[in-house]
Amino acid sequence: MVENFGKRGSRTDGLLERLEQNTISSAIEDTDIVLITIGANDIMRIVRENFNHLTYEQFVNKQLRALAEKRIQQD
C-alpha cells in the first residue's frame, strides 16, 4: 500500500511538526520504506522574494543550505 501525505505549500520549516502528527507517525511505524522530498517550496519562496534580482548565488549560498539543514534537524 502507498500513502501520500504530501501537502501543497509545505516547506522545510514544517516537516518535523507534520511527522509528529498521529496519522503520519503511525503510518511510518508500520512501513518498510519512507520517501521524503522537501525543499521545492523553499526554493520558490526565494524566487518570489527576489524575482527582479534573482542570482544563481542565492541558490548555492551556504546560508540557504544551513537554514534548510537547521529546519530538518530535531534536537
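## Helices along the chain

The protein chain of this predicted model contains 5 helices and 0 strands, where helices (H or I, at least four residues) and strands (E, at least two) are DSSP runs numbered from the N terminus. Read along the sequence, the pattern is therefore written α-α-α-α-α. Residues are numbered from 1 along each chain as its sequence is written, and side-chain values use heavy atoms, with hydrogens and water left out. Because the model is predicted, local features need pLDDT of at least 70 and side-chain atom pairs count only at pLDDT 80 or more, while totals for chains, interfaces and linings use all residues.

## Confidence and burial

The predictor's confidence in each residue is given as pLDDT, on a scale from 0 to 100. The protein chain averages a pLDDT of 77, and 79% of its residues score at least 70. Confidence is highest in α2, with a mean of 88, and lowest in helix α5 (residues 62-72), with a mean of 65.

Of the 75 residues of the protein chain, 15% count as buried; buried means under 20% relative accessible area, exposed means over 50%, and partly exposed lies in between (1.4 Å probe, protein chains only).

## The largest pocket

The largest pocket has a volume of about 780 Å³. Of the 27 residues that line this pocket, Glu3, Phe5, Gly6, Leu35 and Ile36 are the closest to its centre, and α1 (15-19), α2 and α3 each supply at least two residues of the lining. On a 1 Å grid over the protein atoms alone, a pocket is an open set of points where a 1.4 Å probe fits, with protein on both sides within 12 Å along at least five of seven lines, and lining residues have an atom within 4 Å of a point. Grid points are joined across faces, edges and corners, and the volume is the space filled by probe spheres set on the points.

Glutamate 3 is found in the segment before α1 and counts as partly exposed, because its relative accessibility is 46%.

Arginine 45 forms a salt bridge with glutamate 49, with the closest N and O atoms 3.2 Å apart. Because these two residues are 4 residues apart in helix α3, they are separated by about one helical turn. Arginine 45 counts as partly exposed at 31% relative accessibility, whereas glutamate 49 is exposed, with a relative accessible area of 53%.

## A nonpolar surface patch

Ile28, Val34, Ile36 and Ile38 make a nonpolar surface patch of about 300 Å². Such patches are made of residues with over 30% relative accessible area and no salt bridge, with nonpolar side chains (Val, Leu, Ile, Met, Phe, Trp, Tyr) joined within 5 Å and like charges within 9 Å. Isoleucine 38 is found in the loop between α2 (22-29) and α3 (40-49), and counts as partly exposed at 35% relative accessibility.

Conventions:
Accessible areas come from the Shrake-Rupley method with a 1.4 Å probe; for residues, only the protein chains shown count as cover. A salt bridge is a side-chain nitrogen of Lys or Arg within 4 Å of a carboxyl oxygen of Asp or Glu.
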